[in-house]
Amino acid sequence: MAKYTPPKSYEKWSNGYYSGYSGNSKYGSSSFWMDDDTLKSYDKGETIDSVKLMSYQRAIGNFVRILTKNNDIKVHFHTKHTSLTDGKTVTISSKIDSGDFDTMVGLALHEASHCILTDFKALPNYLNSSNIPASKWQFFKGLVNIIEDRRIDYYVMKNAPGYYGYYNSLYDTYFRSKEIDKALSNDIWCDETEQHYENHICNFANPNRNLNALKYLRKIWNVINLAKIDRLKSTSDVIVEAREVYDIIQYAVEQANKINDPNSNNKSQPQDNTKEMTDKDLDQLVKNIENGDVDVNEESANEEQGESNGEMDTNGLQGEDEGDDETGSSMNADTPVGGNATPKSSMTSAQSARLQKALKKQKEFTSGDHDKKSMKDTEAKKINEMLDQDINVAEIDMPGIGKIEVVIAKGMTDAMCNADVVGDLYSNPAWRKIALYEKPVEEGWSLGTLLGKKLKTREEERTLKTTRLPSGRIDKRLIAELGFGNDKVFSQTLISTTKQSTMHISLDASGSMGGEPWAAAIKTAVAVARAASMIGSLRVVIDVRGSARSNNRTNRALVWVIYDSQKDSISIIRNKFKNLYPGGSTPEGLCYDAIMKEIVGVAKGKDSYFINVSDGEPGFSGYHGTSACAHTAKQIKKMRDNGINVMSYFVGNGSIDRIEKSYAYKAFVTMYGKDSRAIDLNNLSELSKSLNSLFERNITHD
């Protein structure tokens, strides 16, 4: 089989021949992993809630981890205290417009590539030991940043072509503007100054570049050699190249100043710049400068630098100016050195202002000081804490209603309990000193301990061996008796074992469950969990269902898995269940649908039970009535089809006879079928019968 060769789109890209990127929707590549509804909400100017921001942050984090192969690099939202890329974190803006999603992904990937490819100590170490004056450090850093960006972006584009769309969008945002194109096409930057040289070098990837605009620009093009930028294997290699470029520019500026200075002693130098050095002469001059044989006045052009001394990170390299791959310039790289360019047309004051703004944007980018909307430290802390929690969002498509989002949260860590998303179902002890449901938890614990002791005796494996049988397996100890006419030398062994079982308990945490119904539900769940902790054959999973809280969004359901005996410590039961409170709506089948794969996956190959405790029919943000009942019934059927035994307990006020005649109970039976029961959960006789069936022994013959 022929070896797969990825498309070399990065070659045209690095040569400046890309023509922009457009995906399958106006949101480009991001539309493949973020739903258009979310993206459109940005268009409307809506405030995106913490769950969506967390989802966006997590998606970017996944891209970063794939690129860097490093799970320790974190993606955080930008705050006023956020530092530049330090090799350990990547920062993203808290405000993303619809057209900027691809750009923001590209920006994060670019910063991530710095984390794995850039040596952040190399430049400071070099500057501290070099002979470059401190007043020129910022300019030199800019050159290093530009070349380093070309190196690392070439690496990513060559080795991860799937990110091509994001990088192209990034370039369109930061390096493709009408003002930059016009400045390059019309030789606006044709003065032999540091600023103009830097402007051209920064835009080498622009197809409008003109290598004849400045006298030594083509020489610099050949030194950087974008076609073979991958020859630079480290930041130290980049610094060496940047130093050569720096020395060329310093020489060019010095010579230009001498020519233009009427008081200069260098009267023999032609004033019209027609005399040019050969490449060979310049190479020799550069070597002389590096060896200290030529005294170059590096301070002379400081005032010519202009805006080139933008703010930069003194602790490391930043930026995003990306590079060429081959010498695919509009001019042949071997043609004579330029420097005779004159402006073809002038710019209006408005155009000039826009040009300066575009240059400032590029300067901020190459220095790593990207324009990112910051988030309050407290808000960022909440979202960053949520990022480390097991929180996901599922979409349930309901005909006639549309997509309804269900937040799936797992675990009762301190961070999870304090997260806004579960805020309606958990009362933080810090502000509510009295736990209303502490007594039911303790009662359930005691009841579960008694139940566990009874069930523990059944956990032991029992073996009964019977010998001297007419059939079965030969008992070696009786073989000798064959000589005495005894043909009953067979034995049978009966082994009694307890089959592995699972029980998923789902509690309706709607507001109407408050008070006695919730106390009874919690008591039951705690009792089962405690009993299961004392034996080894029963896995218990407990979830609560309600509404997720998230800023201004209310149409989001929540299923919170608060306990899994296979993963969680039993101490969670006593320490945190007492602070659970019912609140919100009744998503019912929406929550079942969202975690159906997990329910079925856990139950596979085991005796499995699903127990629901609720007090009425579904009701949630358009999800109600006949259609909601039918959807819930469909989810219950899926469970039964996968061998799960379903039992559902209806909690109501009054006698059982009265409850069974109510409209709500009839809807309940529609959803859960023959296994529906109206029950007083303080009387656990029904539950005890269900538990006993889980521990019946299966007799096998050995």
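1. In which loop is the place of N225? N225 sits in the loop between α10 and α11, the latter spanning residues 235-260. N225 comes after α10, and its phi is positive, near 50 degrees. That is a positive value in a residue other than glycine.

2. Confidence comes next. The mean pLDDT of the protein is 75. A value of 70 or more is reached by 66% of the residues. Helix α19, residues 589-594, has the highest confidence, at 95. Strand β16, residues 697-701, has the lowest, at a mean of 35. Over residues 1-7, pLDDT is below 50. Beyond near neighbours in sequence, that stretch has one contact in the model.

3. Where pLDDT is low, the predicted coordinates should not be read in detail.

4. Now the overall make-up. The protein has 24 helices and 16 strands. Of its 702 residues, 53% are buried. Take the contacts between residues at least 6 apart in sequence: 77% of them join residues at least 24 apart.

5. Helix α9 covers residues 194-202. How many of the nine residues of α9 are buried? Nine of the nine are, so α9 is largely enclosed by the rest of the structure. The buried set includes the charged residues E194 and E198. Also in it are Q195, H196, Y197, N199, H200, I201 and C202. The cover over these residues includes α6, α8 (178-185), α10, α11 and α13 (349-367).

6. Helix α10, residues 217-224, is mostly covered as well. Seven of its eight residues are buried. L217, I220, W221, V223 and I224 are among them. R218 and K219 of α10 are buried too. Helix α10 is also part of what covers the buried residues of α9.

7. K215 belongs to the loop between α9 and α10. Is K215 buried or exposed? Its relative accessibility is 11%, so K215 counts as buried, the cut-off being under 20%. K215 and C190 are 25 residues apart in sequence. In space, their C-alpha atoms are 8.8 Å apart.

8. Helices α6 and α7 form a packed pair. Helix α6 runs over residues 137-159 and helix α7 over residues 164-174. Their axes are 10 Å apart, at an angle of about 150 degrees. The two helices are therefore roughly antiparallel to each other, since angles over 145 degrees count as such. The crossing of α6 past α7 is left-handed.

9. Which residues make that contact? From α6 come R150, D153, V156 and M157. From α7 come Y164, Y167 and Y171. By class, the contact has five nonpolar residues, two charged residues and no polar ones. Helix α6 turns up again in the cover over α9.

10. Last, E588. This residue lies in the loop between α18 (571-576) and α19. E588 has a relative accessible area of 0%, so it is buried. Helix α19, at the end of this loop, is where confidence is highest.

Note on methods: Residues numbered from 1 in each chain as written. Predicted model: local features only at pLDDT ≥ 70, side-chain atom pairs only at ≥ 80, totals over all residues. Heavy atoms only, no water. pLDDT = per-residue confidence, 0-100. Helix = DSSP H or I, 4+ residues; strand = E, 2+ residues; numbered from the N terminus. Contact = heavy atoms within 4.5 Å. Axes fitted to C-alpha atoms, helices over the stretch in contact; angles between N-to-C directions. Parallel < 35°, antiparallel > 145°, perpendicular 65-115°, else oblique. Left-handed = near helix turned anticlockwise from the far one by under 90°. Buried < 20%, exposed > 50% of the residue type's maximum accessible area, 1.4 Å probe, protein only.
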